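User: Could you walk me through how to read a few features of a structure? I would like the general idea, then the case at hand.
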Amino acid sequence: MFRVTKEPLDLQALVSYVTAPEAGAIATFVGTTRNNNEGRKVIALDYEAYPEMAEKELARLGEEAKRKWKIERMAIVHRIGPVAITEPSVIIAVSAAHRDDAFQACRFAIEEIKKSVPIWKKEVFEGGEIWIGMQSGQPLPGR
Amino acid sequence: MKVKVKFFAILRERAGAGEITREMKEGGTVADLWEALRKDYPRLAPVETRLLYAVNRNYVRPNHILKENDEVVFVPPVSGG
């Protein structure tokens, strides 16, 4: 399961999806919205995706994880639209026969998401908003 | 020939559009298209950050030659997670 969605994320749904009789471990990662960043008071994060390509890239990194580690099933769901403080923006679940493969594949997935999947976050903070990852790091003019 | 361009995130805001169709010369590259769009949309010009190029949902090199009806996306630095 490799999806982007506007709906709130459900950890248990992903755990159920990757549950397999051959698995002795399920590792999960939940990325949540933090109330502060680089000294700014964050109100919410607003995510935007190129949905068709984002899902394709998520599936591609799932395939890559399967080649690198002995895993059974993987699921990644990323939320788009506004995500309030404390709410999850991304959940990854990986099942494997043994915990080491599950942990490593899970770590790999979140690092790759941050490098290659076409999803962007706008940080809405007290006093402005910025697209995270732009080199300038400055609020957009006229906002 | 015509190609479809989709803008996302900061580029969507700067262009003031999510999706456009643009006429370009046969044999033009994705980098040529970006240069042309920077002239069409002056507010894109200051976006000096490193962009990746995607054609039909795959990352391509700047010298990738476009074809009729290709779907082109200029990808600013991603920040999912």
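Predicted model: local features only at pLDDT ≥ 70, side-chain atom pairs only at ≥ 80, totals over all residues.

User: Let's begin with chain B: how many helices and strands does chain B have, and what pattern does chain B follow along the sequence?

Analyst: Start by listing the elements, then read their order. Chain B contains two helices and five strands, arranged along the sequence as β-α-β-α-β-β-β. Its radius of gyration is 12 Å, close to the 12 Å from the globule rule for 81 residues, so chain B is as compact as a globular protein of that length. The C-alpha atoms fill a box of roughly 35 × 25 × 20 Å along the principal axes.

User: What share of the residues in chain B is buried?

Analyst: Here the cut-off matters: buried means under 20% relative accessible area. In chain B, 53% of the 81 residues are buried. The accessible surface is about 4000 Å², and carbon and sulfur atoms account for 49% of that surface.

User: Which residue in chain B has a positive phi although it is a residue other than glycine?

Analyst: Look at the angle, then the location, then the accessibility. Arg57(B) has a phi near 70 degrees and sits in the loop between β3 (52-55) and β4 (58-60) of chain B. With 30% relative accessibility, Arg57(B) is partly exposed.

User: And Thr86(A): where does Thr86(A) lie, and is Thr86(A) buried or exposed?

Analyst: Thr86(A), also not a glycine, has a positive phi of about 80 degrees. The residue lies in the loop between β6 (81-84) and β7 (88-96) of chain A. Thr86(A) counts as exposed because its relative accessibility is 61%, and exposed means over 50%.

Definitions and conventions. Residues numbered from 1 in each chain as written. Chains lettered and ligands numbered in written order. Heavy atoms only, no water. Helix = DSSP H or I, 4+ residues; strand = E, 2+ residues; numbered from the N terminus. Buried < 20%, exposed > 50% of the residue type's maximum accessible area, 1.4 Å probe, protein only. Rg over C-alpha atoms; globule rule 2.2 N^0.38 Å. Areas by Shrake-Rupley, 256 points an atom, 1.4 Å probe, with all protein chains shown as cover.
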